[in-house]
Structures are given as structure tokens and as C-alpha cells.
Amino acid sequence: MQGCDASVLLDDTSSFTGEKTANPNSGSIRGFDVIDTIKTQVESSCADVVSCADILAVAARDSVVKLGGPSWTVLLGRRDSTTASLSTANSDIPAPTLNLSGLITSFSNKGFNSREMVALSGSHTIGQARCTTFRDRLYNETDINATFATSLKSNCPQSGSDNNISPLDTTSPTTFDNIYYKNLRIQKGLLHSDQQLSSGGSTDSIVNTYSSNSATFFTDFANAMVKMGNLSPLTGTNGQIRKNCRKTN
């Protein structure tokens, strides 16, 4: 969580603590095996050239395209970190419990404005969340569609089943579209932090724009992803090109 440097891919060892066990990541972040497979194939044809950080950035773009979303040009040349920060991952990744003001601050700390924050939140048109991240919303919040809440409770009881997962966009969970925003407008945001984007505050108008105009959402999302891929990259002689994305050379 130090920037776009693939620090999140590093496994813990007896003498090293990575970011995989950070509260926002543990039991939630998945797909490391996919990156391993890509890295193995890239190394076999072009050894010691393509970083794990670049692979992550390209894979993110290609995944979005594959699921029907926009494309963008991924700048390349990032290098991989030799360190990771559990504490930074715990403090800097926005929590699902954040209110709108906290979300705006969290993204602002990384250089993103409110519109970019709402656009990047649209990545929740795909992916899934653990029961523990939305249980409180299901059982204790009022700005939630009652039928929607009821439909999720069997998979996320009031106690236990913390790791059961539900799609962040229950309508079209494997299509990259603007349904996430349409859902927010009818109080079908899965996370508290999702619904905060459309809760009578300063970002309502942005949600409304994206819900009615997917092309605008796609353009803004693509631009924000390019910007996020430029967060504190390691270049030149800084960092390294890892041979195995799970460990330093």
C-alpha cells in the first residue's frame, strides 16, 4: 500500500510481514494465483523485464475490458518494491464503514477529488464482499431497500459466517456497467460506504450522472485508473523486477 509497486503480492515469511494479513485484505483479496500464472508465462518468454506491478496494472485493465467495461492505455515501466507496509495498508485503505466525509478525505489524501472517488467506487460493479463488512448495514441501517436486505440475510446471519461473500452489485455481478450507481439510487448499496455516495450528500449528483450515462462513467473511470496507476511508482533503478511476485529476489 505504498503506491503502485506490487507490495501487496509479497507473502509473509519468518522475517518479513507483508500486507496480505492487513484487515482490509485478509480473507478478502484473492486471485494471487492468476498473477502467478501470468508472471510464469511472461518470464518464460521475456525474463527479468516485466514487473509484477506492471502485470497488476495491465491485468486490472484487461479484466475490466473482458467484463464489458472501458479500456485505457496503461503506462508501463513500474518496478517492484522490496518492502511492504502492514500498517499503511491498515490505515490507508478506505474502510467499508466510512461515512462520505471520511471517503472524501481518504481519497483526497492520495490526490483524488470527489468525482474521481465516486468513479473509482464504480469498480464495485464487479467483485464481492465478505459478510463481516456489510452485516451491520443489513441489520442496523435504515437507508437500505428492505427486500434487498432480506435477500442477503440468509447468506449473512447476525452472527457467524463472516467469510460468506455476496456480490457488490447483485444485479449484474460479472458485468462491468453502471448498474452499481442505479442500485445506489434505490438504496441497494451493499456496503455502508457504497450507500454513502447517494445519501443526500455532495456526491448524489455524480451518482445520478453515472447512473444515467454509462459513457461518462466509463471515461471518468478510465482516467481515474490511469491516475491511480501513477501513484508513487518505483522507476529507474529503484526497486527491482521480481522473478516471483510473492517474494523479493
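This report describes selected residues and nonpolar cores in a predicted model.

## Nonpolar cores

The largest nonpolar core holds 27 residues, and the members that touch the most others are Val 118, Tyr 181, Leu 197 and Phe 221. At least two residues of this core come from each of helix H2 (52–66), helix H4 (100–108), H5, helix H8 (179–185), helix H10 (204–212) and helix H11 (214–228). The greatest contribution is that of H11, which gives six residues.

Setting aside neighbours within four places in sequence, Phe 221 is in contact with Val 64, Pro 70, Trp 72, Ala 119, Leu 120, Ser 123 and Phe 176. Another core, of twelve residues, lies apart from the largest one; Leu 138, Leu 168, Leu 190 and Leu 191 are among its members.

## The annotated residue His 124

His 124 counts as partly exposed because its relative accessibility is 22%, and the buried class is limited to values under 20%.

Beyond neighbours within four places in sequence, the contacts of His 124 are Leu 168, Asp 169, Tyr 180, Leu 191 and Asp 194. Two of these residues, Leu 168 and Leu 191, are also listed in the twelve-residue core.

## The loop between H7 and S2

Asn 155 is located in the loop between H7 and S2. With a relative accessible area of 30%, Asn 155 is partly exposed. Its contacts, leaving out neighbours within four places in sequence, are Ser 161, Asn 164, Ile 165 and Ser 166. The side chains of Asn 155 and Ser 166 are joined by a polar contact of 3.3 Å. Between Asn 155 and Ile 165 the C-alpha to C-alpha distance is 7.8 Å, and the two are ten residues apart in sequence.

Ser 161, one of the contacts of Asn 155, is in the loop between helix H7 (146–153) and strand S2 (165–167). Ser 161 has a positive phi of about 55 degrees, although it is not a glycine. Its relative accessible area is 35%, so Ser 161 is partly exposed.

## Positive phi at Ala 6

Ala 6 is not a glycine either, yet it has a positive phi of about 60 degrees. The residue belongs to the segment before helix H1 (32–45). Ala 6 is classed as buried because its relative accessible area is 4%, and buried means under 20%.

Note on methods
Residues numbered from 1 in each chain as written. Predicted model: local features only at pLDDT ≥ 70, side-chain atom pairs only at ≥ 80, totals over all residues. Heavy atoms only, no water. Helix = DSSP H or I, 4+ residues; strand = E, 2+ residues; numbered from the N terminus. Buried < 20%, exposed > 50% of the residue type's maximum accessible area, 1.4 Å probe, protein only. Contact = heavy atoms within 4.5 Å. Core = buried A, V, L, I, M, F, W, Y, C linked by side-chain atoms within 4.5 Å. Polar contact = N/O pair within 3.5 Å; in protein donor to acceptor, adjacent residues only side chain to side chain.
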